[in-house]
Amino acid sequence: MKKRDKKDKNENIKKANTIREKPVKEKEQKETSENEAVSFKYELFSEVIVKNPVLVSTIGLCPVVAICTSLKSAVVLSIITYFTMIFSQIISASVLKHCPQWARVALYALSGMAIVAPSMLLLENVLPENMIALGIYLPLLAVNPLITRQCERVAVKSTVKQAFVNAVSCSTGYAAVLIITGFVRELLGSGTLWDYRVFSFPTATALTNPFGGFIVIGFMAAILRWYFKKIDPEYAEDLAVNSRSSIKKPKVKKSQKHKKAHVSSMTYEPQEYLPHQEEVTTQESVQEEIPAEESHQEDEQNLTETFEQALAENTTHIDNSEEQILEIQLEPQIKEIVQEETKANKKIEYTSKELEDLMSKSLEDIIKDTIKETPQEPDADKEVPKQ
Amino acid sequence: MKELNKQKVKEENKQVRAYMTDMLVMLSATMIIAVFHYGFRCLLMVATSIIAAVLCESCVDLAKKRTPQRIGDLSAVFTGAAIALMLPASAPMWLAPIGSIFAIAVAKLPFGNAKTSLFVPAAAGFAFLSLSYRELVFTYPSVNFDMSGIVTGEEGFISGISVANMLSQKTSIGTGIINVIDLFIGRVAGPVGTSCIFVMFGLFLYMLIRRSSEWITSASFLAACSILAVIFPRVLTGRSISLVMELSSGMLFFAAIFFISDPVTSPKDQLSRVLYGFAGGLLTMIFRYFGAFEEGVCFVIIIMNALSTYFDTLGEKLNNYINSKDTKSKPQKSKKNKKAKDTPKTEGGYIL
Amino acid sequence: MNMILQFFSAALYIVFVQNLVFSGGYGASEAIRTAARPKQLALFAVMITYFSTTTSLLCRLIWLIPVFKTAGTTIAIVMFVLVLIVVYLITALIILKMLKGAGWRQEEKDKLLRQAGVSAFNTIVLAVPFISQRVAYTVSESIGAGIGAGFAFILATLLIHEGMKKLESNEEIPNCFKGTPAVFIYIALLSMAFTGFSGKTLFF
């Protein structure tokens, strides 16, 4: 049993990693038609679980939170969402590709209305009570931000088939949340299920209010996050810090954190960088004995050697990774400089602009500046032999 | 690292426990009055509520394998007791535990522990109950009704009119059924632990002696309510009667002592606390005058907790403005004044 | 005088008594997104106010025509959406014309138009004409409702932003609640407080 669990875990991690790196590999998949069945499975997994529209990307909350208070409404809303998404994405993939972006947005609303209006007429005749219960939230499905987002991100840049696949998987993710929310809220809020009374214990009618909806999706998002922790802890950590509902942080720090976390998962980086990073960390601990200049020069030599090796092996991926590696390598050294200067009782406050200037300067300039500022102190080493 | 964490948790538990023991001592006074008026059913309600809250918190403690457990800081006990004491004596036995479970599981645990919570859990739990089970929470048994017959709460009872209800209907006391002395003793239909004004004033003074930095928030809250009650009376029998009725109705005094003064969710600076309490009082009276519920103080507590950082910044700016004015007018004495006016900030929210 | 009173009463109602974002859930996804990027709040709020007010006013004026008064709800809703689309297209064309001469870069122009698109086709913007039709607002009340929608959005965004700041600096949050789940529960509790003022949602 244990071996099987391990195998499943590795497969899941691979799946999730490949899904996250999808934008890079999309071009390869477009060319090979053999991977189409596999890509549908991954697309479904990605949109329903990894990038669930409501629970991870916080899109289209209005109907889920406000009106999805019974299983019937949930089913009706999800069917309408399916049709609007498929219709809008197919139209935008086939016809709207050459339209200017500002005009496309209006046409999404029009296409959404084209599906919602007939469905409202149908509901008036077939399920009039449900129609009254849904109220004004039903026509708001026409301007569901999920449609605009998916059309702009996927449908306009891909083929009709891929747009269809994306529409189906996104709607499945949305429908899954709708149905589970409707089920929970109806059961706990009114004690019924599909309008049949299940139990008569006084129920928490507050769950049928919008705040009950927020509580239910809050707990569902927490359960999903717990599941992510099990299959891919890095992704869960990433979501905790950089999700659509976290305050946007300055770009410098974000890219560094991101790259530091995913260095091991990047498949195209040559393996030599990992041992070099270990060298840097050991150098930090030995910093007190080696004077600052020599250690920086050694690092520079190491950096140039590794760059030459990398150039020889991987010419295509170097363009961005040079700066990445420089940033990763420079940061600990700049940290050391700051630590040394604060030890010398200097109050230093670097603004983000100053940090960027520091990063753009070469190592030699930084060392020259620090030597100019610090007064020449009597060396501690000279005092020791006197004793 | 683990040992450091354990030490830190132990210290935090100690701080919170010190505050909570004070609060529980105060709550026990209200419990005694409740038992005096309504019998031992109140004790049973409080006990079930506390057990539910403690079980909920200890489940999470065990699941997360926290050592030492956070249950030792007595905040769950306080939450359970406070929720039960705001309910009517005729409430069913399952009502208070549901409120406690909501308070702990939804309003406290997703935000951490007692020292890092963003809302007062008891206020959130009671707000949930009042929205879900409005009739059960706001119908009180009449004072003359013998409560010994009621065990589970399913039995019928004669409902009395609470003072808050009277205010919302604009009928006044003093016309025969209830007079001011009844209000002071607590012999009036209302929540179990909040009706006796005599006890409430005693707790107010106790708080002034024991927790003076938190007392300031309560005092300004009550000041704001009193000012509005006097300026805009809802009853026609005079402003003093209006003041007495407003302060003795519902859970206003109770919330002023126990909820608005919670040091974790209120601002840290003294001046900010004064403004915070005052704004809370104003908002409570607005909820009372124009809102749908006869008592909306728990909703106000939630909104004020969300706005506490705004009051922090406001207090800071005012302090800087006052200090800069001092330095401009009296340059030599300014240093002494600054030290005297350096308002004692309560770091971490609690002072031992 | 009466019209001014009606205007203010409708606006205040939509902002405080039945806050569209908290009590109704309209525009919650946009409120969360803007709360995470508060620098965009000013432009977004202005655009939402503009679109909701103009759409609401035009829909109310069109509703005065007897033909549409007697039509069914479905036709009314289709008409509202068409009005919104027309308003948005006209606004986009005006923006394009105004920016033609100005020395803006293409990226900035695209960004502004994208913001306009997102703020126009929004659940909160489309909710206002529906509500004013259902509750039978007068013309001045419709204008007040439109402006109130913008202010309700600003209030909701500021409150959610404060909450996000507190949650980011809070290290004791359980790992599965960090980020989006904690924000949802924060909004739930605030929404509970706002619902407590009116007792129940009147806008349906």
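This is a predicted model: local features need pLDDT of at least 70, side-chain atom pairs count only at pLDDT 80 or more; totals for chains, interfaces and linings use all residues.
A polar contact is a pair of N or O atoms within 3.5 Å; within protein, one atom must be able to donate a hydrogen and the other to accept it, and residues adjacent in sequence count only if both atoms are side-chain atoms. Residues are numbered from 1 along each chain as its sequence is written, chains are lettered from A and ligands numbered from 1 in the order in which they are written, and side-chain values use heavy atoms, with hydrogens and water left out.

**Exercise 1.** Describe the interface of chain B and chain C.

*Solution.* 
Step 1. Chain B brings 33 residues to the contact (heavy atoms within 4.5 Å) and chain C brings 22 residues.
Step 2. The buried area, meaning the accessible area (1.4 Å probe) that two parts lose on being put together, summed over both, is about 2,300 Å², and carbon and sulfur atoms give 72% of it.
Step 3. On the side of chain B, the most area is lost by B:Pro110, B:Phe111 and B:Leu118, together 22% of what that side buries.
Step 4. Seven residue pairs are in polar contact across this interface, both residues at pLDDT 80 or more.
Step 5. H14(B) gives the largest share of the side of chain B that touches chain C, five residues; helices here are DSSP runs (H or I, at least four residues), numbered from the N terminus.

**Exercise 2.** Describe the interface of chain C and chain A.

*Solution.* 
Step 1. In this contact, 57 residues of chain C meet 52 residues of chain A.
Step 2. About 4,700 Å² is buried between the two chains, with 72% from carbon and sulfur atoms.
Step 3. The rule finds five residue pairs in polar contact, both at pLDDT 80 or more.
Step 4. Twelve residues, the largest share of the side of chain C that touches chain A, come from H5(C).

**Exercise 3.** Where in chain B is confidence lowest, and where is it highest?

*Solution.* 
Step 1. The average pLDDT of chain B is 83, and 86% of the residues score at least 70.
Step 2. Helix H16 (residues 334–341) of chain B is lowest, at a mean of 44, while H14(B) is highest, at 94.
Step 3. Over residues 333–349 of chain B pLDDT stays under 50, and the model has 23 contacts beyond four places in sequence for them.

Terms used. Helices (H or I, at least four residues) and strands (E, at least two) are DSSP runs, numbered from the N terminus. pLDDT is the predictor's confidence in each residue, from 0 to 100.
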